[in-house]
Amino acid sequence: MEDGFKPAVQHQRRVNLKIHEVIKKEVVKLLDAGLIYPISDSPWVSPVHCVPKKGGMTVVTNEDNELIPTRLVTGWRVCIDYRKLNDATRKDHFPLPFMDQMLERLAGNEYYCFLDGFSGYFQIPIDPQDQEKTTFTCPYGTFAYRRMPFGLCNAPGTFQRCMMAIFHDMIEETMEVFMDDFSVFGDSFSSCLSHLDKMLKRCEDTNLVLNWEKCHFMVKEGIVLGHKISKSRIEVDR
């Protein structure tokens, strides 16, 4: 923590009654997964808030009978306002990869495997001494995280550092990593398969879990960070 900051206990914010059920489901899900636990006393308490999940576009008519493009709300995402905690946190300046350089290294290969980490940051455990700092308040109590939640200022750098440590001898050679997006490549089917085998073995050795529903194996092209990658080109995914 930075010097001169005092712990901040923030009160629960009033939320729409319709959002209560959204928060309740999220809390129950996290409790059942063992990611959070009830805590009665903490020097740090941050409030919950919900932001809309945006879907596709539609057109609505405004008061002046004009057609206005509007993005649909498909649901709600429960977030925690860690701004006061983040202000007091000593910043981790671990760099994320330059996206353009990473995409250039990926392009030009015959085969790819695109894999997605399961629940991203939640795979990183928090030091027990620091767990109370993640305490949040909601209509159903106060809870702290055992695993690293979204919203912490150092979460991206911490996660990338862990991924770099796990795949240090493979990055840029047989795969690329940007947060929880993993891209394995090869100049032939057999080489890509061999690289995938080594990558999956590393995941198994380090208990890194993948979301199989979002993984694509042995394909000629795919989407990486909003760009379509193939042997012949890089283009923005539209």
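Colleague: How do the residues lining the second largest pocket divide into nonpolar, polar and charged?

Modeller: The lining of the second largest pocket splits into 9 nonpolar, 5 polar and 4 charged residues. Keep in mind that this is a predicted model.

Colleague: How much space lies in the second largest pocket, and which residues lie nearest its centre?

Modeller: The second largest pocket holds about 430 Å³ of space. Its lining has 18 residues, and T89, I126, D130, L152 and N154 are the ones nearest its centre. Two elements give two or more residues to this lining: helix 2 (83–88) and helix 4 (155–166).

Colleague: What is the volume of the largest pocket, and how many residues line it?

Modeller: The volume of the largest pocket is about 1000 Å³. There are 36 lining residues, with E26, L30, S119, F122 and F150 nearest the centre. Helix 1 (17–32), strand 2 (46–61) and strand 3 (67–80) are the elements that give two or more residues to the lining. Helix 1 gives the most, with 6 residues. By class, the lining of the largest pocket has 22 nonpolar, 7 polar and 7 charged residues.

Colleague: Now the sheet. In what order do the strands of the open sheet of 4 strands stand?

Modeller: The general idea comes first. Backbone hydrogen bonds pair the strands of a sheet, in either a parallel or an antiparallel way. Here the open sheet of 4 strands has the order 7-8-4-9, and its pairing is antiparallel.

Colleague: Why is one side of strand 7 and of strand 9 left without a neighbour in the sheet?

Modeller: Strand 7 (175–178) and strand 9 (216–219) are at the edges and each has a single partner strand, so one side of each lacks a neighbour in the sheet. On average, neighbouring strands of this sheet are turned by 10° against each other, direction ignored.

Colleague: How many bridges join strand 7 to strand 8, and what packs on the sheet?

Modeller: Strand 7 and strand 8 (residues 181–186) run antiparallel and are joined by 4 bridges. V177 has F182 in strand 8 as its bridge partner. Helix 5 (residues 189–205) packs on the sheet and touches strand 4 (111–116), strand 7, strand 8 and strand 9. The direction of helix 5 makes about 145° with that of strand 8.

Colleague: Last, a single residue. Where does T142 lie, and which residues does T142 touch?

Modeller: T142 belongs to strand 6 (residues 141–145). Not counting residues up to four places away in sequence, T142 touches Y37, P38, I39, S40, T135, F136 and T137. Buried would require under 20% relative accessible area; T142 has 24% and is therefore partly exposed. From D116, T142 is 26 residues away in sequence and 31 Å away in space, C-alpha to C-alpha.

Definitions and conventions: Residues numbered from 1 in each chain as written. Predicted model: local features only at pLDDT ≥ 70, side-chain atom pairs only at ≥ 80, totals over all residues. Heavy atoms only, no water. 1 Å grid on protein atoms, 1.4 Å probe; cavity = no way out; pocket = protein on both sides within 12 Å on 5 of 7 lines; lining within 4 Å. Points joined across faces, edges and corners; volume = space filled by probe spheres on them. Nonpolar A, V, L, I, M, F, W, Y, C, P; charged D, E, K, R; others polar. Pairing = 2+ DSSP bridges. Axes fitted to C-alpha atoms, helices over the stretch in contact; angles between N-to-C directions. Contact = heavy atoms within 4.5 Å. Buried < 20%, exposed > 50% of the residue type's maximum accessible area, 1.4 Å probe, protein only.
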